[in-house]
Amino acid sequence: REPPEPTLDRARELLRAGQFLKAMRLARRLGAAPESLNPELSAAAKRMFHGGRCGELMVAVGEFSVPLPYDLASLIHQAQASGDHHAVVKNAIKLGVDREFHTEVNASIEAIAKSAPLEAAAWRRKIDARSDSSPG
């Protein structure tokens, strides 16, 4: 079976199917701005925000500069509320906002430590190394 034609309509279909990052990759490949996928983009983001998939939205912000109806603080708080602590830590570091959201990142590391202490220690070392190597 042949893959579907790579078009903006296909990207919109992917959004409707909940495949947000695939849709963003296709739009980028087609040279289209994420905004060209509205209203499907906003509708998908809303479903993901309320469905516990804020980690993916944070990836979209970082990787594709997707304009969302939610700011980064809202995404981080919602991810924490849904228990996605790994997404909070990973994306805060990746987006370079781990200092700005120090309280949230530390709370998520503590939550991870309850079930995966070695992983939490690794995240803590990574953050400490970033702090030691940055100026100021």
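## Fold and Dimensions

Helices (H or I, at least four residues) and strands (E, at least two) are taken as DSSP runs and numbered from the N terminus. On this basis the protein contains 8 helices and 0 strands, and its pattern along the sequence reads α-α-α-α-α-α-α-α. Just after helix α4, Ser 65 adopts a positive phi of about 50 degrees.

The structure is a predicted model, in which local features need pLDDT of at least 70 and side-chain atom pairs count only at pLDDT 80 or more, while totals for chains, interfaces and linings use all residues. Residues are numbered from 1 along each chain as its sequence is written, and side-chain values use heavy atoms, with hydrogens and water left out.

The C-alpha trace spans about 45 × 30 × 30 Å along its principal axes. Of the 136 residues, 39% are buried (under 20% relative accessible area, with exposed meaning over 50% and partly exposed in between; 1.4 Å probe, protein chains only). Among contacts (heavy atoms within 4.5 Å) between residues at least 6 apart in sequence, 55% join residues at least 24 apart.

## Pairing of α1 and α2

Helix α1 (residues 8-16) and helix α2 (residues 20-29) have axes that come within 7 Å and cross at roughly 165 degrees. α1 is therefore roughly antiparallel to α2 (angles over 145 degrees count as roughly antiparallel, under 35 as roughly parallel, 65 to 115 as roughly perpendicular and the rest as oblique). Axes are lines fitted to C-alpha atoms, for helices over the stretch in contact, and angles run from 0 to 180 degrees between N-to-C directions.

From α1, the contact draws on Arg 10, Ala 11, Leu 14 and Leu 15; from α2, on Phe 20, Lys 22, Ala 23, Met 24 and Leu 26. These residues comprise 7 nonpolar, no polar and 2 charged (Ala, Val, Leu, Ile, Met, Phe, Trp, Tyr, Cys and Pro count as nonpolar, Asp, Glu, Lys and Arg as charged, and the others, Gly among them, as polar).

The largest nonpolar core holds 41 residues, of which Leu 15, Phe 20, Met 24, Leu 57, Val 66 and Leu 75 touch the most other members. Such a core is a set of buried Ala, Val, Leu, Ile, Met, Phe, Trp, Tyr and Cys residues joined through side-chain atoms within 4.5 Å.

Leaving aside its neighbours within four places in sequence, Leu 75 contacts Phe 49, Cys 54, Leu 57, Met 58, Val 61, Leu 68 and Tyr 70. In α4, the buried residues are Cys 54, Gly 55, Leu 57, Met 58, Val 59, Ala 60 and Phe 64. These buried residues of α4 pack against α2, α3, α5 and α6.
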